[in-house]
Amino acid sequence: MALLDGITHSETVKAHRPWPRVIVADDGWRQAIDLLADGHCSLLGLWGDAPEVHMALLDETSGDVAVISLSCKAGRYPSVAARHPPAIRLERAICDLFGLKAVDTPDPRPWLDLGFWNVRHPLGNKGPARKPTPYKFLPAEGEGLHQIPVGPVHAGIIEPGHFRFTANGEHVVRLEQRLGWVHKGIESLMNGATLVEAAKLASRASGDSTVAYAYAFAQAAEAAMQVKVPTRAAYLRALMAELERLANHFGDIGAICNDASFSLMYAQCGILRERTLRAADACFGHRLMMDIIVPGGVSRELAPEGAAQVKDLLGEVRHVFPRLIELYDNTASLQDRTVTTGIVTQELARQFGAGGYVGRASRRAFDARRVFAYAPYDRLSFEVPVLDAGDVNARVWIRIREVEQSLSLIEQILNALPKGEIKTATGNNKVCEGLGLAEAFRGDVLVWLKLDNKGCVARCHLRDASWFQWPLLEAAIEGNIVADFPLCNKSFNCSYSGHDL
Amino acid sequence: MRKTLLESLTHGPLTEPAPAPDEAALAELAKTVDRTARARLGRSLSIRQIDAGSCNGCELEIHALNNAFYDLERLGLRFVASPRHADVLMVTGPVTKNMREALLRTYNATPDPKWVVAVGACAVDGGIFGGSYAVAGGVRDVVPVDLHIRGCPPSPGELLKGLMALLDGANGATLTSKAG
């Protein structure tokens with residue numbers, strides 16, 4: 001409870017698990033902001049639950065997590081962003097969805113509401129639709145500057161988002177992102193949904209991380225209902241999570257090289273990715289392993305021929321991948337593009353609590369598998385690679401090292417896979433709350449869940465790692481040439497859908 | 001690099017034979033696609049992909065069509081960067097209200113004749129996202145659709161079957177014989 005010692009709070013919410021949630025007044029809320037601004041803890045999430053706002057905090061040294069809740073008076077609360085910039089977009093989203101206003105927020109512009117919905121504040125006090133008004137991009141002034149607008153529809157097989165570049169010749173002076181295009185209203189669809197329906201929605205927050213979302217959602221539901229997952233199911237979950245990480249890292253490593261016009265790596269990594277997805281399909285009957293992790297365990301057994309195919313995959317990757325790493329490392333034209341390009345400073349990575357390879361390439365060693373040691377990672381041996389440089393090259397190398405770790409983890413899982421049940425019955429008739437945190441390939445996914453006394457969802461909040469990575473991309477591209485943007489963007493590979501929800 | 005390249009030469013291609021066209025897709029195309037348009041488009045089609053609100057699962061599998069196993073370009077199908085160059089718009093996702101206008105503008109920027117292929121369960125009618133304040137519906141609620149490829153997400157094999165039907169659809173004779 002060390003984290004909460006410095007925060008004045010009244011009651012502790014009884015049925016919130018596994019970490020505490022406390023009710024605070026303005027003074028406690030401000031103390032938490034001080035802790036964030038002074039770097040004593042990191043922001044894990046900030047979300048609305050009309051008429052309340054909740055803030056999840058992490059003490060990075062002890063691994064303590066706590067949620068603090070403030071009841072808004074007249075729909076207002078003291079701005080976190082005023083002193084801690086990582087909260088800016090979260091506050092803008094809360095305002096769009098709930099109508100709760102952050103007093104003294106540095107940026108009151110809308111974020112997810114682009115003016116096309118028929119309703120205002122869809123999750124709070126609903127009102128008539130906002131009139132679409134021209135969006136005011138932040139200014140960048142100077143002689144010879146020009147703007148390059150890109151998107152929302154991009155020139156490739158990519159998700160939609162708008163990027164507004166201000167450039168001086170070839171050099172980017174300012175990049176401003178405008179997101180929200182794929183906002184589907186997932187959190188409103190969650191309200192009143194059964195656990196099964198809600199798990200399906202969570203699994204489709206970001207398709208590339210469907211396993212991680214289902215994992216975090218199941219963790220939250222199980223914590224709330226105090227359900228213990230069979231050991232075999234825990235191992236199978238980790239098997240899926242590592243296969244998902246492998247597939248995505250292969251895809252990313254190849255695609256980053258492709259954005260530097262080195263298509264041989266792209267083709268070779270594409271083969272490894274395809275083989276990984278085929279092994280996943282052989283194991284669990286779905287290439288992306290959607291809807292296999294469910295609250296209480298997993299919904300299907302590992303197919304007997306699947307394990308053999310995964311072992312073949314490990315053999316092939318161990319044969320081919322080292323050669324590809326060598327190729328990456330020894331191709332001067334490729335290194336020329338990735339080394340010192342798109343640097344994220346260690347200070348920014350720490351301040352934003354950047355997860356995944358974005359944080360770890362800039363010295364932030366956080367990995368939910370290690371810090372929270374959820375089953376079965378408490379029994380598996382693995383390293384969390386960390387680098388200092390913070391450039392595109394470092395983000396590639398973190399992925400390379402993580403591929404190696406995932407191979408070892410998968411091997412350990414297959415060797416230690418215990419026999420037994422794969423699902424515990426779930427059922428609930430009490431109001432209860434749970435928080436889940438799982439490590440997706442791009443960083444930690446947070447799921448906060450409140451269940452009603454019929455076992456349905458009263459409120460569910462999903463927070464993708466991208467929320468704290470997208471803003472760093474704006475910082476990383478500054479001073480780089482426009483042509484390096486695809487490279488930087490791919491090295492982040494933030495989720496649009498996971499962010500927009 | 002030399003070793004990798006040499007091995008690729010000696011191992012032979014990984015590319016698998018293209019599947020037969022999907023029968024259901026052929027039947028749908030027989031109803032929707034105008035025969036003269038088919039004749040003009042021929043067997044080589046340029047595809048512009050648009051994510052109108054998907055979870056990005058469909059994008060992953062569409063991407064896979066370019067890998068060595070499926071190698072879409074050998075069939076005369078290729079992804080292009082601009083709607084101005086496209087014959088086919090491949091649209092994924094429920095169409096979000098935020099993306100509705102962008103989709104319409106992209107559709108209008110595509111020269112005639114053009115086909116629209118809606119990919120994924122959500123693209124049919126909004127799927128599990130249907131009914132949300134932020135979702136306009138399926139793709140056909142915004143632009144006319146010629147072909148649906150279902151699945152959550154459809155596997156590259158399923159995508160390929162649907163696209164093969166599109167190519168066969170481009171060849172009037174085959175279409176007539178298959179569709180009876």
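**View 1. Helices H6(A) and H7(A) pack at an angle of about 145°.** Their axes are 8 Å apart. The model shown here is predicted. H6(A) passes H7(A) in a left-handed crossing. From H6(A), the contact draws on Val211(A), Ala212(A) and Tyr215(A). H7(A) answers with Arg237(A), Met240(A), Ala241(A) and Glu244(A). By class, five of the contact residues are nonpolar, two are charged and no polar residue takes part.

**View 2. H5(A) packs against H6(A) in a right-handed crossing.** The angle is about 145°, and the axes lie 8 Å apart. Leu195(A), Ala199(A), Ala202(A) and Ser203(A) make the contact on the H5(A) side. On the H6(A) side are Thr210(A), Tyr213(A), Ala214(A), Phe217(A) and Ala221(A). Seven residues of this contact are nonpolar and two are polar. No charged residue is part of the contact between H5(A) and H6(A).

**View 3. An open sheet of four strands in chain A runs in the order S1-S15-S16-S17.** Its pairing is mixed. Strand S1 (16-17) and strand S17 (457-463) are the edges, and each pairs on one side only. Helix H6 (residues 210-225) packs on the sheet. H6(A) touches S1, S15 (432-440), S16 and S17 of chain A. The direction of H6(A) makes about 150° with that of S15(A).

**View 4. S16(A) and S17(A) pair in the antiparallel sense.** Strands of a sheet pair through backbone hydrogen bonds, either parallel or antiparallel. Strand S16 spans residues 443-451 of chain A, and six bridges join S16(A) to S17(A). Lys450(A) has Arg459(A), in S17(A), as its bridge partner.

**View 5. Val447(A) sits in strand S16 of chain A.** Is this residue, Val447(A), buried or exposed? Val447(A) counts as buried because 28 other C-beta atoms lie within 10 Å, and the cut-off for buried is 20 or more. Beyond residues up to four places away in sequence, Val447(A) touches Ala202(A), Ala216(A), Phe217(A), Ala220(A), Gly436(A), Cys460(A) and Leu462(A). Ala220(A) is 227 residues from Val447(A) in sequence. In space, the two are 6.3 Å apart, C-alpha to C-alpha.

**View 6. The largest nonpolar core holds 218 residues.** Leu57(A), Ala216(A), Val447(A) and Val91(B) touch the most other members. Helix H7 (residues 231-259) of chain A gives the most to this core, 16 residues. Around Leu57(A), leaving aside neighbours within four places in sequence, the contacts are Leu3(A), Ala32(A), Cys41(A), Leu43(A), Leu44(A), Val65(A), Ala66(A) and Ile68(A).

**View 7. Chain B has eight helices and seven strands.** Chain B is 180 residues long, and 51% of them are buried. Among contacts in chain B with a separation of 6 or more, 83% join residues 24 or more positions apart.

Key:
Residues are numbered from 1 along each chain as its sequence is written. Chains are lettered from A and ligands numbered from 1 in the order in which they are written. This is a predicted model: local features need pLDDT of at least 70, side-chain atom pairs count only at pLDDT 80 or more; totals for chains, interfaces and linings use all residues. Two strands pair if DSSP finds at least two bridges between them. Helices (H or I, at least four residues) and strands (E, at least two) are DSSP runs, numbered from the N terminus. Two residues are in contact if their C-beta atoms, placed from the backbone, lie within 7 Å. Axes are lines fitted to C-alpha atoms, for helices over the stretch in contact, and angles run from 0 to 180 degrees between N-to-C directions. A nonpolar core is a set of buried Ala, Val, Leu, Ile, Met, Phe, Trp, Tyr and Cys residues joined through C-beta atoms within 7 Å. A residue is buried if 20 or more other C-beta atoms lie within 10 Å of its own, exposed if 12 or fewer, and partly exposed in between; C-beta atoms are placed from the backbone. A crossing is left-handed if the near helix is turned anticlockwise from the far one by less than a right angle, and right-handed if clockwise. Ala, Val, Leu, Ile, Met, Phe, Trp, Tyr, Cys and Pro count as nonpolar, Asp, Glu, Lys and Arg as charged, and the others, Gly among them, as polar.
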